[in-house]
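This report is written for a reader who is new to protein structures. Please keep the sequence and the model in view while reading.

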Amino acid sequence: MERKKNKLSKLRLRKGDTVIIIAGDSKGQQGKILSVDLQNRRAIVEGINLVSKHTKPNAQNPQGGIVKKEASVHVSNVMLIDGSGNPTRVGKRFDEVAGRLVRYSKNTEETIK
């Protein structure tokens, strides 16, 4: 049986979602997703998993030095926060009114925008 290559499964997290970190050094912290990497199933969350990056002097930064920057977090360590402020799992279902698939909170059954 052959495996299909280049088949990327869609994530239930999107840029701009507010999430909470559920595992790792940043456990319990909240932030907004800045970008999502589908290939590696990782997301960069604002203010989470900060790493120190050494920069050489250049035109924008003539002094150089150490810059704090967000590193990516695996999506399995991230959980979406719904409208009521609680962490929730995310599902997909067909919305009759909108006529398309929508994300919804598995805890409260309400749709996520």
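## Basis of the model

The model is predicted: local features need pLDDT of at least 70, side-chain atom pairs count only at pLDDT 80 or more, and totals for chains, interfaces and linings use all residues. Residues are numbered from 1 along each chain as its sequence is written, and side-chain values use heavy atoms, with hydrogens and water left out.

Strands (E, at least two residues) are DSSP runs numbered from the N terminus. Asp17 counts as buried because its relative accessible area is 8%; buried means under 20% and exposed over 50%, with partly exposed in between (1.4 Å probe, protein chains only).

The side chain of Asp17 forms a polar contact of 2.8 Å with the side chain of Arg103. A polar contact is a pair of N or O atoms within 3.5 Å; within protein, one must be able to donate a hydrogen and the other to accept it, and residues adjacent in sequence count only if both atoms are side-chain atoms. A polar atom of the Asp17 side chain also lies 2.9 Å from the backbone nitrogen of Arg14. Beyond neighbours within four places in sequence, the contacts of Asp17 (heavy atoms within 4.5 Å) include Arg12, Lys32 and Leu80.

Three strands form an open sheet in the order S9-S10-S11, with antiparallel pairing. Two strands pair if DSSP finds at least two bridges between them. Strands S9 (90-95) and S11 (111-112) are the edge strands, each pairing on one side only. Strand S10 (residues 100-105) is joined to S11 by two bridges in the antiparallel sense. Arg103 has Ile112 of S11 as its bridge partner.

## Gly83, an exposed residue

Gly83 is placed in the loop between S7 and strand S8 (87-88). Its relative accessibility is 75%, and therefore Gly83 counts as exposed. Although Gly83 and Ile112 are 29 residues apart along the chain, their C-alpha atoms are separated by 7.9 Å.

## The lining of the largest pocket

Of the 14 residues that line the largest pocket, the closest to its centre are Arg12, Leu13, Val75, Val78 and Val90. On a 1 Å grid over the protein atoms alone, a pocket is an open set of points where a 1.4 Å probe fits, with protein on both sides within 12 Å along at least five of seven lines; lining residues have an atom within 4 Å of a point. Strand S7 (residues 78-81) gives the most to this lining, with three residues.

Technical notes: Helices (H or I, at least four residues) and strands (E, at least two) are DSSP runs, numbered from the N terminus.
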